[in-house]
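The stops below go from a strand pair to the core and then to a loop.

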Amino acid sequence: MENEQHPHEHEHDHEKTVARFQEIKLWKPSRQGEFLGEEDEKFYVALSQEEVYELSPLAYYVWLLCDGERTVEQIADHISKEVQVEVSEVIEPLVVALDQLSNVNLVKY
């Protein structure tokens with residue numbers, strides 16, 4: 001019983017993420033900044049000479065897909081087809097990545 005997890009906490013986060021997806025799914029994010037290069041599976045994107053960000057492969061992939069043409073929902077569909085998983089499994093990592101990218105202005109809506 002010591003290792004008992006609280007399933008409701010995760011459910012709440014999941015619900016918040018799904019609600020966030022519903023809120024932003026028709027938005028068309030566009031990537032900002034410039035790709036500098038990759039080293040050891042870390043991807044470097046610069047907004048300016050002072051602002052360089054290290055992105056995980058997932059964040060970089062999401063950043064690349066933000067072309068200003070596709071909606072968040074279309075990006076989710078694209079990723080789900082590409083990696084062959086259900087869209088429902090893509091939503092959470094996608095929303096988290098988009099929010100993180102947006103927080104540092106690498107993605108604008």
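Two strands count as paired if DSSP finds at least two bridges between them. The model is predicted.

Select residues 34–39 and 42–46. These are strand 2 and strand 3, which pair in the antiparallel sense over five bridges. Pick glycine 37 and look across to tyrosine 44, its bridge partner in strand 3. Then go to the turn of this hairpin, where two residues lie between the strands and aspartate 40 has a positive phi near 50°.

Next, show the largest nonpolar core, a set of 24 residues in which Leu55, Val62, Trp63, Ile79, Leu94, Leu98 and Leu101 touch the most other members. At least two residues of this core come from each of helix 1 (7–24), strand 3, helix 2, helix 3 and helix 4. Helix 4 gives the most, with seven residues.

Stay with helix 4 by selecting residues 87–103. This helix has 17 residues and reaches 24 Å from its first C-alpha to its last, close to the 24 Å expected. Its buried residues are Val90, Ile91, Leu94, Val95, Ala97, Leu98 and Leu101. After helix 4 comes asparagine 105, with a positive phi near 65°.

Now centre on isoleucine 79. Beyond residues up to four places away in sequence, isoleucine 79 touches Tyr61, Val62, Leu65, Gln84, Val90 and Leu94.

Finish at threonine 71, in the loop between helix 2 (57–65) and helix 3 (72–83). Is threonine 71 buried or exposed? Threonine 71 has a relative accessible area of 10%, so it is buried. Leaving aside neighbours within four places in sequence, its contacts are Lys25, Leu26, Trp27, Lys28 and Pro29.

Terms used:
Residues are numbered from 1 along each chain as its sequence is written. This is a predicted model: local features need pLDDT of at least 70, side-chain atom pairs count only at pLDDT 80 or more; totals for chains, interfaces and linings use all residues. Side-chain values use heavy atoms; hydrogens and water are left out. Helices (H or I, at least four residues) and strands (E, at least two) are DSSP runs, numbered from the N terminus. The expected span of a helix is 1.5 Å times one less than its number of residues. Buried means under 20% relative accessible area, exposed over 50%, partly exposed in between (1.4 Å probe, protein chains only). Contact means heavy atoms within 4.5 Å. A nonpolar core is a set of buried Ala, Val, Leu, Ile, Met, Phe, Trp, Tyr and Cys residues joined through side-chain atoms within 4.5 Å.
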